[in-house]
Amino acid sequence: AKSSEGWHWTPSGGLVAGIPSKGVIQPSQNIKQSDAVFDVIVIGAGYTGLTATRDLTTSGVKTLLLEGRDRIGGRTWSSNIDGYPYEMGGTWVHWFQPHVYRELSRYGMINELVHSTDFTKKHNYFSFATRSGRRTMSHEEEDEMFSRAMQKFVNVDGNFGKTVMPFPFDAYWNKNVLKYANLSVADRIAQIRHDLSEDERHAIESFVLLCSGGTAQNSAFLDFLRWWAAGNYDYRTLLDTIIVFKLKCGQSEFARRFFNEALATSNLAYSFNTVISRVDSTNNTVRVTTRDGRAFQAKRVICTAPLNVLSKIAFNPPLLAEKTEASKLKHVNQCVKVHAEIKDPEMRSWSGVTYPDNKLVIGLADGKTPAGYTHCVFFGCDANHIHAEENIDETLKAVKKFAPMDVNRLVFHNWSKDEFAEGAWVWYRPGMEVKYLEALRRRQGAVLFANSDWAAGGWRSFIDGAIQSGTEAALTVRGELQGESRASHL
Ligand code: FAD
């Protein structure tokens with residue numbers, strides 16, 4: 001089915017809004033009149049909400065899943081064009097990400113993993129275009145340059161970050177790490193500038209902005225340190241973990257496994273195209289009101305709306321002041337992700353950077369399309385930001401700045417203008433994590449707040465963090481409700 005979200009451009013068809021996805025749920029709702037009061041209402045059907053919903057329904061908890069979009073997956077979803085999945089958001093997973101890998105294993109999907117990279121074709125090189133000029137290098141030289149530069153960037157402790165952050169899933173274990181809480185990426189680059197070649201500086205900036213989706217000034221250094229630690233303090237391992245292994249069937253197929261398992265229990269009621277506007281709590285009952293005036297009640301609510309849109313929902317009692325403040329301040333990630341089908345099978349081994357004078361910063365070959373062409377994916381950020389659908393010519397120009405390319409198709413989702421996300425994966429501003437994280441994670445009475453944006457673990461901001469967060473919330477709620485029902489039988 002076609003989602004109303006996403007954009008598709010071809011030279012003959014022009015720009016079309018909406019793309020097909022396995023994540024679209026039809027019929028869009030299954031609520032019966034008799035469904036008056038639920039055990040739990042889960043707001044949001046991203047991986048956090050899907051995991052919580054699956055875990056609750058399979059434990060016998062009557063759950064209502066409410067989602068503003070026409071599909072599951074939230075910031076992770078794939079379009080299926082001619083049977084080929086283009087990932088609009090979350091894509092890459094790895095066995096070093098424990099929560100997501102456990103789920104892949106549980107659903108028997110380990111053999112669905114494929115490489116984005118394939119270094120066997122003719123254009124097997126990296127293009128590097130900066131203010132110092134344009135040149136190409138081998139992927140080995142590329143890795144060597146980025147690795148050297150990133151080591152300088154993270155080496156705040158003479159031990160490449162291992163001393164200050166020995167446990168990425170317990171990031172403040174060494175309290176000395178808090179010294180870096182207010183440091184921006186730009187501040188850190190300034191500290192080591194004397195020791196950086198122009199190439200290394202461009203390498204750091206382009207790679208870190210790929211990770212943060214922000215600007216060097218507004219992106220926190222601490223978030224990068226955590227990614228680095230979770231990636232085993234090694235550039236190549238970090239790359240393998242965050243940008244190499246994806247699902248052949250597409251993320252939406254994975255997300256469906258959660259949804260289908262929940263549905264099969266008969267404990268799941270759901271409604272899509274259902275935007276939540278209010279959440280009112282009284283005496284252990286929570287009333288959730290939709291923008292179109294419907295109201296539902298439950299004993300508990302798990303709200304999974306992400307940081308940048310959380311404060312758009314009116315809560316009574318009101319959201320904690322810190323939650324509102326953080327949501328209004330917003331995280332910085334305005335990543336632009338654009339897929340291009342390139343009419344050249346030999347581009348399959350290519351990658352490149354054009355920085356800082358292009359609207360897209362990093363590009364890499366990501367697959368082979370059914371037509372036998374190369375699928376490349378390009379990333380931009382808040383610095384030099386572009387709304388791809390507003391100016392397709394400019395978007396095509398940005399793609400072609402990497403290398404001469406005959407573009408047969410563009411596919412993308414504008415996360416900045418997305419009313420249910422207003423940005424991509426979380427990347428905090430300097431100081432923001434330490435100031436707000438604990439409050440963001442805190443429940444308010446019968447309402448729990450779960451999302452990858454404030455997941456406890458090392459892979460916060462990833463699918464892994466979403467699954468971790470949804471697992472925790474479901475476990476808490478299930479324990480409370482099943483404790484209550486045991487007590488009422490006494
Ligand atoms: P979300 O997916 O945002 O889910 C929240 C849900 O709540 C959404 O479906 C939303 O529509 C709904 N909602 C919000 N407000 C309301 C409301 N008022 N009423 C009803 N519903 C509402 N992660 C990786 O692991 N690997 C990657 O390669 C990767 N790449 C990424 C690339 C991009 C471009 C983006 C955007 C993200 C990427 N991520 C990646 C991050 C990953 O996608 C997210 O961390 C994860 O999907 C977040 O899941 P979530 O359920 O916590 O939040």
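Domain bounds, as used here, come from an automatic or database domain assignment. In this predicted model, the protein chain is divided into two such parts: domain 1 comprises residues 2-77, 251-331 and 422-488, while domain 2 comprises residues 117-243 and 336-414. The C-alpha centres of domain 1 and domain 2 are separated by 30 Å. Across the boundary, 31 residues of domain 1 make contact with 36 residues of domain 2.

Helix H3, formed by residues 139-154, packs against helix H7, formed by residues 235-243, at an angle of about 105°. The axes of the two helices lie 9 Å apart. Because angles of 65 to 115 degrees count as roughly perpendicular, H3 and H7 are therefore assigned to that class. On the H3 side, the contact involves Asp143, Phe146, Ser147 and Met150, which meet Tyr235, Arg236 and Leu239 of H7. By class, the residues of this contact between H3 and H7 comprise 4 nonpolar, 1 polar and 2 charged.

Both helices also take part in the second largest pocket, as H3 and H7 each give two or more residues to its lining. The other elements that do so are helix H5 (198-212), strand E17 (351-354) and strand E18 (362-368). The second largest pocket holds about 370 Å³ of space and is lined by 27 residues. Nearest its centre lie Thr117, Glu142, Leu239, Ser351 and Leu364; of these, Leu239 also belongs to the contact of H7 with H3.

Note on methods
Residues are numbered from 1 along each chain as its sequence is written. This is a predicted model: local features need pLDDT of at least 70, side-chain atom pairs count only at pLDDT 80 or more; totals for chains, interfaces and linings use all residues. Side-chain values use heavy atoms; hydrogens and water are left out. Axes are lines fitted to C-alpha atoms, for helices over the stretch in contact, and angles run from 0 to 180 degrees between N-to-C directions. Helices (H or I, at least four residues) and strands (E, at least two) are DSSP runs, numbered from the N terminus. Angles under 35 degrees count as roughly parallel, over 145 as roughly antiparallel, 65 to 115 as roughly perpendicular and the rest as oblique. Contact means heavy atoms within 4.5 Å. Ala, Val, Leu, Ile, Met, Phe, Trp, Tyr, Cys and Pro count as nonpolar, Asp, Glu, Lys and Arg as charged, and the others, Gly among them, as polar. On a 1 Å grid over the protein atoms alone, a cavity is a set of points where a 1.4 Å probe fits but cannot get out, and a pocket is an open set with protein on both sides within 12 Å along at least five of seven lines; lining residues have an atom within 4 Å of a point. Grid points are joined across faces, edges and corners, and a volume is the space filled by probe spheres set on the points.
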